[in-house]
Amino acid sequence: MSALFAALVIGTVAGTLIGTIGAGAGALLVPSLMFFAGQSMQGAVGVTLAMQTIPVGIGGAYLYYKQGLIDLWVVAAVAIGMLAGILGGGALATSGKISPVKLELLLGVVLVVLGGVTIAKTLLGYTTVHPKRNS
């Protein structure tokens with residue numbers, strides 16, 4: 001799977017979860033971009049900030065962009081996917097088809113799984129160091 005396609009899928013899934021259970025974009029996008037789209041931690045944070053730029057993250061995104069840590073194509077792919085996902089997830093969450101208890105459980109499961117993957121990969125030495133920072 002190409003990195004841009006992975007970014008589009010991540011944006012769609014994250015957008016759906018954000019629209020459905022209100023999870024923070026950073027908690028979902030940063031680890032997902034790192035592990036499934038090959039982004040470094042810094043790059044994933046930069047992408048997350050850049051796609052949330054107006055009005056909140058412009059300062060932080062600029063700092064990451066200035067360091068060459070943001071791939072604008074990845075930003076675009078994630079943003080497109082998130083728009084679709086947020087609309088779908090929001091419609092699902094407000095339709096009454098999923099109980100609030102199940103939404104809370106889903107949020108907890110997502111955060112535990114992503115946290116577990118993050119911890120396991122780090123402990124096993126599978127880190128994602130940005131190529132520009134790896135020297």
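User: Is Ala 84 buried, partly exposed or exposed, and which helix holds it?
Analyst: Happy to start there, and please keep in mind that this is a predicted model. Ala 84 sits in helix H5. Its relative accessibility is 47%, and buried would need a value under 20% while exposed would need one over 50%. Ala 84 therefore counts as partly exposed.

User: How far apart in space are Ala 84 and Gly 15, C-alpha to C-alpha?
Analyst: Along the sequence, 69 residues separate Ala 84 from Gly 15. In space, the C-alpha to C-alpha distance of this pair is 7.1 Å.

User: What about Gly 85: is it buried or exposed?
Analyst: Gly 85 also belongs to helix H5. Among the residues it touches, leaving out those up to four places away in sequence, are Thr 12, Gly 15 and Thr 16. The relative accessible area of Gly 85 is 2%, and the cut-off for buried is under 20%, so Gly 85 is buried.

User: How far is the C-alpha atom of Gly 85 from that of Ile 10?
Analyst: Gly 85 and Ile 10 are 75 residues apart along the chain. Their C-alpha atoms are separated by 9.6 Å.

User: Stepping back, how many helices and strands does the chain have?
Analyst: Reading from the N terminus, the elements run α-α-α-α-α-α. The count is 6 helices and 0 strands.

User: What share of the chain counts as buried?
Analyst: The chain has 135 residues. A residue belongs to the buried group if its relative accessible area is under 20%. By that cut-off, the buried share is 36%.

User: Which residues have the most contacts inside the largest nonpolar core?
Analyst: In soluble globular proteins, nonpolar side chains tend to be buried together. In this model the largest nonpolar core has 26 residues. H1, H2, H3, helix H5 and H6 each give two or more residues to this core. The residues with the most contacts inside it are Leu 28, Leu 29, Leu 33 and Val 78.

User: Which residues does Val 78 contact, leaving aside neighbours within four places in sequence?
Analyst: Val 78 is one of the residues with the most contacts inside the largest nonpolar core. Once its sequence neighbours are set aside, its partners are Ala 7, Gly 11, Leu 29, Leu 33, Val 47 and Met 51.

User: Where is Ala 7, and what is its relative accessible area?
Analyst: Ala 7 has its place in helix H1. Beyond four places in sequence, Ala 7 touches Leu 33, Ala 37, Val 74, Ala 77 and Val 78. Ala 7 is buried, because its relative accessible area is 0%.

User: Which residues of helix H3 are buried?
Analyst: Helix H3 covers residues 41-51. At its start, a side-chain oxygen of Ser 40 comes to within 2.9 Å of the backbone nitrogen of Gly 43. The buried residues in H3 are Gly 43, Ala 44, Gly 46, Val 47, Thr 48, Ala 50 and Met 51.

User: How much space lies in the largest pocket, and which helix gives the largest share of its lining?
Analyst: The pocket holds about 200 Å³ of space. Helices H1, H2 and H6 are the elements that give two or more residues to its lining. The largest share, 6 residues, comes from H1.

User: Is Ser 32 buried or exposed?
Analyst: Ser 32 lies in helix H2 and touches Ile 10, Ala 37 and Leu 114, not counting residues up to four places away in sequence. Its relative accessible area is 11%, under the 20% cut-off, so Ser 32 is buried.

How values were computed. Residues numbered from 1 in each chain as written. Predicted model: local features only at pLDDT ≥ 70, side-chain atom pairs only at ≥ 80, totals over all residues. Heavy atoms only, no water. Buried < 20%, exposed > 50% of the residue type's maximum accessible area, 1.4 Å probe, protein only. Helix = DSSP H or I, 4+ residues; strand = E, 2+ residues; numbered from the N terminus. Polar contact = N/O pair within 3.5 Å; in protein donor to acceptor, adjacent residues only side chain to side chain. 1 Å grid on protein atoms, 1.4 Å probe; cavity = no way out; pocket = protein on both sides within 12 Å on 5 of 7 lines; lining within 4 Å. Points joined across faces, edges and corners; volume = space filled by probe spheres on them. Core = buried A, V, L, I, M, F, W, Y, C linked by side-chain atoms within 4.5 Å. Contact = heavy atoms within 4.5 Å.
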